[in-house]
Amino acid sequence: MKQESTWFFQNKPSILATGVVGGPFEKQSPLAEKFDLCMDTLWMNEASFEKANRLLIDRSIQTALNKLSLHPSDIDALLLGDLINQITPSSMAARSLNIPYLGLFSACATSMQGLSLAAALVDGGFCEKVITGASSHNAAVEKQFRYPTEYGGQKPPTAQWTVTGAGFAVVGQASDEGASIATIDKATIGRVRDPGLKDPFNMGAAMAPAAAEVIERHFLDTGMKPVDYDVIVTGDLAWIGHGIAEDLLKKKGLTFSENQFLDCGKMIYAQLDGVQAGASGPACSAMVIYGHFLSLLQMGSIKRMLAVATGALLSPLTFQQGDSIPCIAHAVALSSPVSTL
Amino acid sequence: MKKKTLSQQSYQQLADAHERKRPVLMNCIKAFFVGGLICVIGQAVTVLFITFFPFTEQTAGNPSVSVMVFLSMILTGIGVYDRLGQFAGAGSAVPVTGFGNAVISAAIEHRTEGFVLGVGGNMFKLAGSVIVFGVVSAFFIATIKTLLIQWGIIG
């Protein structure tokens, strides 16, 4: 095995457009104005929450395509995933799009898994344009992983709120300077880390070591330092996991200035009532990175960022059987297309 | 259970330092008052049955429980009981209203899978173990009591 495990992209694969759709609760997010659209109800006029999850994907992809006036037939590959059993919402969205489709699963790290692979496909010349993204639906996820929506169980303060929404990006070669929102420079694929935690109501703590591992390895491989990035943002570690990750990285000699090391799970709801330790879900990192941070990169108000999506790879079966929670994180380095001169 | 490795143990310590603790004392106080309030309402229903209907203290229990379960189903259906549950914890879970909530919330949730496989098959997903262990423990207690009476230890 070669020493370095980070992928360096040579041909400037870029994000050309994004589509970000949220649910009714996401309307209250302090970042809501960065989302293209927020649905009014959790049902979204669909027959089930799972179908509503599919609708979020449809809307988000359509929004991204519309911004570029593209048709699904202009796209060479579709890389997406979600949290529902056998990623059926993603597959059903792909059914109607008729684009070559690769279903992905890295739980809440799916957004950056997809972005790394999309960048690699474009960089390697295998595809011209790729759509990638991730989605989740709060009620569908609660139903599958936890309790019925209306069940009156008390959630501990370590629990996280699954985001309802979807975030998608069109990745391709920028035809000219203005066409690109952000350039994808590097990607570091995570290794599964399992600190032995078993509490599905404390996933931030379970995921922190995976995030710390991939961030540390990214800096080791690239020879970069934290100061080289304006922002290093993790996916959904939330208030508890993010603090742990910061401590773990400090032990490795990686320290950050204030407002440099951020977390989508802390940002999307800020301190809204009822979210306990923060947000989670594949849509969390997808919406905040594609909605909020990419607009900052496009404007040039941040130059370089490291986006690290984090995922807990558990199933309802494994935690009932007493297994600990294996976790993953993938890191993608993005830079602003605005000239640094 | 697999033993934790040394690094997992030291990580657990780090995680514990960051964890937000459950406010146990506050939760107990809330549970005490909300649970108590639910029971007071239940008692009031019992008194109503005894006063205005031909029920006695022995027979008023069953209709009172039915009324309380019915109320909890209404509250679950309009989306209030889960909020009460987050506030009150055991206070709203332990009384019979919590049992009603567990049944009806599962029934609502799985309506999308149809009446037979969805509602019928999942209604007791949460409450099923309450029934199973309730019946099993009742069986053992009854057996012990019968034996004690047979042996003349209790009257």
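Contact here means heavy atoms within 4.5 Å, and every view below is drawn from a predicted model.

**Figure 1. The interface of chain B and chain A.** By that criterion, the contact takes 33 residues from chain B and 35 residues from chain A. The two chains bury about 2800 Å² between them, with 55% of this area on carbon and sulfur atoms. On the side of chain B, Tyr11(B), Arg20(B) and Glu109(B) lose the most area to chain A, and together they account for 26% of what that side buries. The rule for polar contacts finds 12 residue pairs across this interface, both residues of each pair being at pLDDT 80 or more. The elements of chain B that give two or more residues to the side touching chain A are helix H1 (6–18), helix H4 (81–88) and helix H6 (96–109).

Figure 2. One salt bridge is found across the interface of chain B and chain A, and the side chains of Lys143(A) and Glu113(B) meet in a salt bridge with an N to O distance of 2.9 Å. Lys143(A) also forms a salt bridge with Glu50(A), where the closest N and O atoms are 3.6 Å apart. This second pair links distant parts of the chain, since Lys143(A) lies in helix H4 (residues 138–145) of chain A and Glu50(A) in helix H1 of chain A, 93 residues apart. With a relative accessibility of 9%, Lys143(A) counts as buried because the cut-off for that class is under 20%, whereas Glu50(A), at 21%, counts as partly exposed.

**Figure 3. Further salt bridges of chain A.** Over all chains, the count by this rule comes to 12 salt bridges. Side chains of opposite charge can pair when their charged atoms come close. In one such pair, Asp36(A) forms a salt bridge with Lys67(A), the closest N and O atoms being 3.0 Å apart. Asp36(A) is placed in the loop between strand E2 (13–22) and E3 of chain A, while Lys67(A) belongs to helix H1 of chain A, so that this pair, 31 residues apart, links distant parts of the chain. Both partners are partly exposed, Asp36(A) at 34% relative accessibility and Lys67(A) with a relative accessible area of 45%. The side chains of Arg146(A) and Glu142(A) meet in another salt bridge, at 2.8 Å from N to O; here Arg146(A) counts as buried at 16% relative accessibility, and Glu142(A) is buried with a relative accessible area of 7%. Arg191(A), Arg193(A), Glu213(A) and Arg217(A) are linked in a network of salt bridges.

**Figure 4. The largest nonpolar core and the surroundings of Tyr290(A).** In soluble globular proteins, nonpolar side chains tend to be buried together. The largest nonpolar core of this model has 53 residues, and those with the most contacts inside it are Tyr290(A) and Phe293(A). Helix H8 (residues 282–299) of chain A supplies the largest share of this core, 11 residues. Because domain 1 (6–173) and domain 2 (185–335) of chain A both give residues to this core, it lies between them. Beyond its neighbours within four places in sequence, Tyr290(A) is in contact with residues including Ile15(A), Val20(A), Met112(A), Leu115(A), Phe168(A) and Ser285(A). A second, separate core of 45 residues includes Met207(A), Ala210(A), Leu306(A) and Ala333(A).

**Figure 5. The two domains of chain B.** The domain assignment of chain B gives domain 1 (24–123) and domain 2 (125–155), whose C-alpha centres lie 24 Å apart. Seven residues of domain 1 are in contact with five residues of domain 2, and these two domains of chain B bury about 460 Å² between them, 70% of it on carbon and sulfur atoms. In domain 1 of chain B, Phe99(B), Ala102(B) and Asn122(B) lose the most area to domain 2, together 65% of what that side buries. Between these domains the count is zero salt bridges and three residue pairs in polar contact, with both residues at pLDDT 80 or more. H6(B) gives the most to the side of domain 1 that touches domain 2, with four residues.

**Figure 6. The loop position of Leu42(A).** Leu42(A) is placed in the loop between strand E3 (37–38) and helix H1 (49–67) of chain A, and at 27% relative accessibility Leu42(A) counts as partly exposed. Not counting residues up to four places away in sequence, Leu42(A) touches Pro24(A), Phe49(A), Ala52(A), His137(A), Ala139(A) and Thr164(A).

Conventions:
Residues are numbered from 1 along each chain as its sequence is written. Chains are lettered from A and ligands numbered from 1 in the order in which they are written. Side-chain values use heavy atoms; hydrogens and water are left out. A nonpolar core is a set of buried Ala, Val, Leu, Ile, Met, Phe, Trp, Tyr and Cys residues joined through side-chain atoms within 4.5 Å. Buried means under 20% relative accessible area, exposed over 50%, partly exposed in between (1.4 Å probe, protein chains only). Domain bounds come from an automatic or database domain assignment. Buried area is the accessible area (1.4 Å probe) that two parts lose on being put together, summed over both. A salt bridge is a side-chain nitrogen of Lys or Arg within 4 Å of a carboxyl oxygen of Asp or Glu. A polar contact is a pair of N or O atoms within 3.5 Å; within protein, one must be able to donate a hydrogen and the other to accept it, and residues adjacent in sequence count only if both atoms are side-chain atoms.
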